[in-house]
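Biologist: I have a protein on my screen and some questions about how it is put together. Can we go through it piece by piece?

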Amino acid sequence: AGLPVRDAGVALQRSTDLTGALRRDIPPTQRDMSSDLLHARPALTQLSEDEQAFKSAVAEFVNGEVRPRIAQMEREAKLDPALIKGYFEMGLMGIQAAEAHGGAAGSVMMVTLAVEEISKADASSAIMVDVQNTLVAHPLLSAGTKEQLDKWMPALCSGTVGAYALSEASSGSDAFGLQTRATKVDGGWKLNGRKMWITNGAEAGIFVLFATVDPAKGYKGITAFIVEREMPGFSVGKKEDKLGIRASSTTELILEDVFVPDFNVLGPVGQGYKIAIETLNEGRIGIGAQMIGVAQGALDAAVAYVKERQQFGKPLAEFQAIQFQLAQAATELEAARLMVYNSARLRDAGQDIAQAGAMAKLYSSQVAERVTSLCVEMFGGYGYTKDYPVEKFYRDAKIGTIYEGTSNMQLATIAKGLLK
């Protein structure tokens with residue numbers, strides 16, 4: 001099979017001649033530009049000096065402030081307020097916000113790196129940073145007026161947690177079937193309804209909340225509002241007792257004749273569905289980052305364990321069956337990371353990421369499930385106990401296939417892009 005050596009040599013020479021001819025036909029300035037372009041496009045995982053410094057700073061913060069708190073936060077099903085304060089002091093709650101508002105004027109890639117690093121230790125701690133940046137700050141930055149940004153962004157960067165409120169009891173994947181109603185009154189709107197599955201609900205002071213101004217208009221009646229916790233008639237209901245990400249609050253929101261002034265309408269009335277979709281597209285990058293972080297944390301723990309654990313007179317790491325399973329896991333994880341990073345880079349370049357983001361979230365959540373499950377098995381019986389970290393990584397991974405769009409919804413988005 002294949003070309004004989006002599007014929008292969010001739011083909012190679014012809015290819016070289018053709019390449020040279022093509023290069024000779026390109027003006028020198030364009031050849032230089034081509035070379036510069038190659039240097040300007042590093043590998044997806046090759047970080048700039050600023051990105052590497054940022055990642056290292058987050059990793060140091062995680063080791064010093066997150067890891068020592070994980071066990072207690074897991075038991076209490078609550079994030080330590082001191083950790084949340086530390087997030088603000090580190091500038092992690094306003095990564096993309098303007099410096100004038102107290103933000104870091106950073107990128108989606110930096111948000112991705114932060115969420116990934118924190119998730120290597122604790123997904124619950126990471127999701128607060130993720131939601132704050134991708135689901136709260138982002139819609140404000142993309143749809144808010146200057147006056148709205150001046151009012152709320154400094155608070156979101158300095159000490160106020162935010163939340164994103166779209167889902168309801170009867171509208172999960174069918175998000176635009178929401179029932180929360182906004183009725184026009186003098187000077188603003190009266191909001192009535194209930195929201196479910198709201199991440200950061202227990203801690204948040206600002207909510208990007210969606211309601212319909214006219215159910216007869218379907219999704220074209222949906223409008224985005226900024227609701228503040230202290231508004232009369234607004235309250236936080238039941239906090240969910242969850243399988244994983246236990247320290248992250250997931251709550252119900254109750255709105256009973258909550259008056260929201262016209263100033264608090266985010267974007268045009270009836271255009272909230274566009275804001276919701278565009279926000280979730282970016283949010284899926286954050287979930288992807290969370291999933292690759294969780295998988296990496298579990299894999300790191302498993303690799304360290306198999307080097308130490310002895311069976312049949314030698315470390316588990318010396319058994320080829322163990323080696324191959326870990327190699328497969330590492331390969332899938334690297335592929336997932338490339339997809340997540342690519343989506344972040346595309347977003348920062350101003351490209352449409354509806355399909356790329358859906359693919360990244362879908363695949364990274366699948367990989368996180370497989371890798372964390374394998375890592376539990378690598379620990380044997382110990383992996384099934386709370387004395388070791390892998391059972392928690394396993395539980396935390398499951399949510400990735402559910403929130404911010406189930407895996408089936410990601411497949412629907414991908415298919416729509418393929419078949420349009």
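**Strand 7 and beyond**

Biologist: Which residues are in contact with Leu253, leaving aside its neighbours within four places in sequence?
Modeller: This is a predicted model, so I speak of computed contacts. Leu253 is in contact with Ala165, Gly193, Arg194, Lys195, Ile198, Phe207, Leu209, Phe234, Ser235, Val236 and Gly237.

Biologist: Is Leu253 buried or exposed?
Modeller: Leu253 has its place in strand 7. Its relative accessible area is 0%. Buried means under 20%, so Leu253 is buried.

Biologist: What separates the C-alpha atoms of Leu253 and Arg194?
Modeller: Arg194 is among the contacts of Leu253. Along the chain the two residues are 59 apart. Their C-alpha atoms are separated by 5.5 Å.

Biologist: Does Glu252 count as buried or exposed?
Modeller: Glu252 is found in strand 7 (residues 250–261). Not counting residues up to four places away in sequence, Glu252 touches Arg194, Lys195, Met196, Ser235, Val236, Gly237 and Lys238. With 13% relative accessibility, Glu252 counts as buried.

Biologist: Which element gives the most to the largest nonpolar core?
Modeller: That core has 115 residues. Tyr87, Leu92, Leu191, Phe210, Phe225 and Val227 touch the most other members. The element that gives the most, with 16 residues, is helix 9 (residues 272–308).

Biologist: Which residues does Tyr87 contact, leaving aside neighbours within four places in sequence?
Modeller: Tyr87 is one of the core residues that touch the most other members. Its contacts are Phe61, Val66, Leu92, Met93, Ile118, Ser125, Ala126 and Val129.

Biologist: Which elements give two or more residues to the lining of the largest pocket?
Modeller: By class, this lining has 20 nonpolar, 11 polar and 8 charged residues. The elements are helix 7 (123–143), strand 1 (162–165), strand 3 (188–199), helix 9, helix 11 (354–378) and helix 13 (407–419).

Biologist: What is phi of Glu404?
Modeller: Glu404 is among the residues closest to the centre of the largest pocket. Its place is in the loop between helix 12 and helix 13. Glu404 is buried, with a relative accessible area of 13%. Its phi is positive, in a residue other than glycine, and is near 55°.

Biologist: How many charged residues are in the lining of the second largest pocket?
Modeller: The second largest pocket has a volume of about 350 Å³. Of its 15 lining residues, Ile70, Ala71, Glu74, Lys386 and Lys392 are the closest to the centre. Helix 4 (70–76) and helix 12 (390–397) give two or more residues to the lining. By class there are 6 nonpolar, no polar and, for charged residues, 9.

Biologist: Where is Asn200, and what is its phi?
Modeller: Asn200 has its place in the loop between strand 3 and strand 4 (206–212). At 1% relative accessibility, Asn200 counts as buried. Its phi is positive, in a residue other than glycine, and near 75°.

Biologist: Which residues does Gly383 contact, leaving aside its neighbours within four places in sequence?
Modeller: Gly383 is found in the loop between helix 11 and helix 12. At 0% relative accessibility, Gly383 counts as buried. The C-alpha atoms of Gly383 and Ser373, 10 residues apart along the chain, are separated by 9.6 Å. The contacts of Gly383 are Val376, Val390 and Glu391.

Biologist: Over which residues is the pLDDT below 50?
Modeller: The mean pLDDT of the protein is 93, and 90% of its residues reach 70 or more. Residues 1–12 have 2 contacts in the model beyond near neighbours in sequence. Residues 15–19 have 1 contact beyond four places in sequence. The pLDDT is below 50 over residues 1–12 and stays under 50 over residues 15–19.

Technical notes:
Residues are numbered from 1 along each chain as its sequence is written. This is a predicted model: local features need pLDDT of at least 70, side-chain atom pairs count only at pLDDT 80 or more; totals for chains, interfaces and linings use all residues. Side-chain values use heavy atoms; hydrogens and water are left out. A nonpolar core is a set of buried Ala, Val, Leu, Ile, Met, Phe, Trp, Tyr and Cys residues joined through side-chain atoms within 4.5 Å. Buried means under 20% relative accessible area, exposed over 50%, partly exposed in between (1.4 Å probe, protein chains only). Helices (H or I, at least four residues) and strands (E, at least two) are DSSP runs, numbered from the N terminus. Contact means heavy atoms within 4.5 Å. pLDDT is the predictor's confidence in each residue, from 0 to 100. On a 1 Å grid over the protein atoms alone, a cavity is a set of points where a 1.4 Å probe fits but cannot get out, and a pocket is an open set with protein on both sides within 12 Å along at least five of seven lines; lining residues have an atom within 4 Å of a point. Ala, Val, Leu, Ile, Met, Phe, Trp, Tyr, Cys and Pro count as nonpolar, Asp, Glu, Lys and Arg as charged, and the others, Gly among them, as polar. Grid points are joined across faces, edges and corners, and a volume is the space filled by probe spheres set on the points.
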